Amino acid sequence: MEAMEEDSLDVKDDHNHNHCRSGGGSKVRPCFSSQSLDRAAPLPACPTGSAAEPCDRRRKLLWPGGSDGAKFLDSDTGSESSESDCTATPANTEGLLSLESTSKFLLNSMAVEDYRKNHWPNLEEAIDRLLIQNSSDHISVSYAQIYGYVYKCVCQQHSELLYSDLTKKITSHLLEVSSRLQASSPHNLIENFNVALTQYTASLECIVPVFIYLNKFYIESKLNRDLKEDLLKLFADHVAEKYLNTLMPLLIKAHSMPFQVQPSTMASVVKGLYSLRPEWAQLAPELFSGFIPQINPPTVESRLPDYADHDRKLQMALSMTGFSRGDQSRKRASEDS
C-alpha cells in the first residue's frame, strides 16, 4: 500500500534537494526551473576583511544560466551569485600596471648602463684608432669584435643611442681637423685639405662596413638614409664649407698655372669637393670641367668656332709659359738633314 502511494506521488519541487519525481515512474530526475532559480536570493558580496572566508570555498558549482553571464551556485544553499562578486578592484589593477612599468624602466636603465660601460667604450676606442690612421700605418683592430659590439647594441634596442654617439664622436674629430686647417698658410692649404679629406674617406672605408648592421636595420629602414652619406655630410658641414671661400680662389689660380700644385692633388681635391656637394661645381665650372665630365653644357654644332678659338688661346697661353710644341715635321730629331 505504501509503495503504491509513493508511485502515485508527484513532487514538483523540493526546496532542500531540488528533485522531482514523475507521476508513474521510478526514476528521479533533477528539476531546476527558471522560476526557482530566480526566486533564489543572491549571496552578498565577498567581505574584504582578513577574517572573511575565501570565495573559492563557497563557490562549488557553476550554473551556466542567466543572461548576465556565468553564475555560481552555492553548495550549501543552492542559491546563485554573480561571478563579478570576486573580481579584482581597480586599485589592485592600477597597482599591477604600475609595478610592471617600474620593472620595465629598471630593466631599460640596466641595459643602457651596460651599453655605457661595456659596449660604447670599446667602440669609441676603435673609432679613434680608425680616424687617426694614415694610409701607411698598420693599426691592429679586430673588426669582428667591433661588428659584434654593434650587433649586440642593435639587438638590445640601442640603435638610436649608438647612431647618436657615433655622429657626435666623428663631429668632435672633424672640429679638431678644422682647427688644424685654420692654422695652415694659403700656400699649404690645398695640400693640407687634401690630406685631411683623403684620410677621412679612407677611415670611412673601415668604419662603415663594421657598422653595416646599424646602417641596414636603423639608418636605412627608419631614417631612409645611408651611413656613409651622413658621415660625408658631416665633413662637408664642419670642414669643407668653412674653407670653401678660401679654397676655391686658390684652386682656380693653381689650375691656371700648371704644376704649381701636383696634378694628382688638384684632381683629388676637386673630385672630393664635387662628391661632397655637386652644386659647388657651379662656382667654378671651368675648374671642375677639367677633372669631371659633363660639367659644361653639351656641345652644339653652332658653337664649334668658339670651341676652336678657346683651344687656340689655350695653346698660346701654354707656349707663353714655356711649353713648346716642338718640331711638327715628320723628320726625327736624330736624323741628319
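The legends below describe close-up views of a predicted model.

In this predicted model, local features need pLDDT of at least 70 and side-chain atom pairs count only at pLDDT 80 or more, while totals for chains, interfaces and linings use all residues. Residues are numbered from 1 along each chain as its sequence is written, and side-chain values use heavy atoms, with hydrogens and water left out.

**View 1. The crossing of helices H6 and H9.** The axes of H6 (residues 159-182) and H9 (residues 227-256) come within 10 Å and cross at roughly 25 degrees, where axes are lines fitted to C-alpha atoms over the stretch in contact and angles run from 0 to 180 degrees between N-to-C directions. Helices are DSSP runs (H or I, at least four residues) numbered from the N terminus. The two helices are therefore roughly parallel to each other, a term for angles under 35 degrees.

**View 2. The aromatic pair of Tyr147 and Tyr213.** These two rings lie edge-to-face, 6.5 Å centre to centre with 80 degrees between the planes; rings of Phe, Tyr and Trp (its six-membered ring) pair if their centres lie within 6.5 Å, and planes under 30 degrees apart count as stacked, over 60 as edge-to-face and the rest as tilted. Tyr147 lies in helix H5 (residues 143-155) and Tyr213 in helix H8 (residues 212-219), so the pair ties together parts that are 66 residues apart in sequence.

**View 3. The aromatic pair of Tyr163 and Tyr218.** The ring centres of Tyr163 and Tyr218 are 6.0 Å apart and the planes stand at 55 degrees, so this pair is tilted. Both residues are buried, meaning under 20% relative accessible area (1.4 Å probe, protein chains only).

Notes. Angles under 35 degrees count as roughly parallel, over 145 as roughly antiparallel, 65 to 115 as roughly perpendicular and the rest as oblique. Buried means under 20% relative accessible area, exposed over 50%, partly exposed in between (1.4 Å probe, protein chains only).
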